[in-house]
Amino acid sequence: MNAFTLVFGALAALYAWGWWRSKRHGRGWPLWRLVIFVGSALAIIAVMSPPLMHWAHTDFRGHMTVHLVAGMIAPLGLVMAAPMSLALKNVPAHWGRRWVRFVSLPPIRVLGHPVTAALLNIGGMMALYLTDLYSAMRHSPGFALWLHWHFVVAGCLFSWAIAGPDPAPRRPSLEWRFGVLVVSMAAHATLSKWMARFHFPASVPLDQVQQGAELMFYAGELPEALLAYLLARQWVRSRYREPAGARGVTP
């Protein structure tokens with residue numbers, strides 16, 4: 001049992017307990033949020049299991065599959081399940097006030113800014129695939145473990161900064177977040193094309209790079225399209241269903 005199994009197994013259990021407790025006390029919580037959170041946690045556990053990790057270590061296509069699930073698709077599900085909102089429903093009110101103060105701290109606001117999140121997410125991929133870092137990762141288990149955690153956390157941070165439903169005081173406007181998302185989508189597509197055309201990473205056979213880059217290009221569009229849809233839905237709600245003073249604030 002590895003660290004990913006322990007951490008995400010525990011998180012799934014805690015989320016299920018929070019859902020059950022909310023339902024028991026008559027507050028309710030959507031079942032679909034429980035399903036996507038537990039499903040996303042199980043997806044990370046699955047792709048980080050020894051068999052798939054071995055495939056990812058020996059085949060670039062396997063690596064890209066793991067990266068797409070653990071760094072893009074599963075983080076979107078975890079964030080859209082609104083785990084912090086569920087947690088705040090199950091703790092005393094003063095914990096909610098502490099959370100608001102915490103996310104209002106300047107370092108946290110900088111870290112959670114869409115631009116910072118995009119740099120950590122897309123910038124991390126560029127650094128890994130366009131330099132010798134990928135080769136170094138294959139020869140260093142400790143560095144590989146750190147990079148896997150980085151992509152999971154960066155993926156969650158990016159999804160939350162762009163369209164997360166959990167509370168975030170002083171969040172940039174919807175228009176600003178949409179602009180960052182468009183730039184990130186373009187950078188992601190450009191990276192995959194550079195990899196296939198200029199043979200990055202160079203330490204990987206070209207056919208694997210081309211197939212992995214193709215997988216990255218097409219499969220990566222799904223979570224990005226979902227983020228764009230969620231932002232568009234928030235924009236519509238902010239203009240036609242909410243008071244003018246609530247514009248730019250995620251419901």
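## Cores and cavities at a glance

Helices α4, α8, α10, α11 and α13 each put at least two residues into the lining of the largest cavity. That space sits in a predicted model, where a search of the whole structure turns up 2 cavities of 30 Å³ or more. Below is a quick tour of both, plus the nonpolar cores.

**The largest cavity**

- Its volume comes out at about 110 Å³.
- The lining is made of 13 residues, and those nearest the centre are Met 72, Asn 121, Phe 158, Ser 159 and Leu 227.
- Sorted by class, that lining has 7 nonpolar, 5 polar and 1 charged residues.

**The second largest cavity**

- This one has a volume of about 70 Å³.
- Helices α4 and α10 each supply at least two of its lining residues, with α4 giving the largest share, 5 residues.
- Histidines His 63, His 67 and His 148 are among the lining residues, which also include Met 48, Met 137, Leu 147 and Phe 151.
- By class the lining splits into 7 nonpolar, 4 polar and no charged residues.

- His 148 counts as buried because its relative accessible area is 12%, and the cut-off for buried is under 20%.

**The nonpolar cores**

- As a rule, nonpolar side chains in soluble globular proteins tend to be buried together.
- Here, the largest nonpolar core has 42 residues, and the ones with the most contacts inside it are Phe 8, Ile 44, Met 48 and Ile 162.
- Two or more residues of this core come from each of α1 (3-24), α2 (31-47), α4 (60-80), α8 (114-129), α10 (141-163), α11 (174-198) and α13 (221-240).
- There's also a second, separate core of 20 residues, including Leu 128, Tyr 134, Ala 144 and Leu 147.

**Around Ile 162**

- Beyond its neighbours within four places in sequence, Ile 162 touches Pro 114, Arg 177, Val 180, Leu 181, Leu 227 and Leu 231, going by contact.
- Leu 227, one of those partners, is also one of the residues nearest the centre of the largest cavity.

Note on methods. Residues numbered from 1 in each chain as written. Predicted model: local features only at pLDDT ≥ 70, side-chain atom pairs only at ≥ 80, totals over all residues. Heavy atoms only, no water. Core = buried A, V, L, I, M, F, W, Y, C linked by side-chain atoms within 4.5 Å. Buried < 20%, exposed > 50% of the residue type's maximum accessible area, 1.4 Å probe, protein only. Helix = DSSP H or I, 4+ residues; strand = E, 2+ residues; numbered from the N terminus. Contact = heavy atoms within 4.5 Å. 1 Å grid on protein atoms, 1.4 Å probe; cavity = no way out; pocket = protein on both sides within 12 Å on 5 of 7 lines; lining within 4 Å. Points joined across faces, edges and corners; volume = space filled by probe spheres on them. Nonpolar A, V, L, I, M, F, W, Y, C, P; charged D, E, K, R; others polar.
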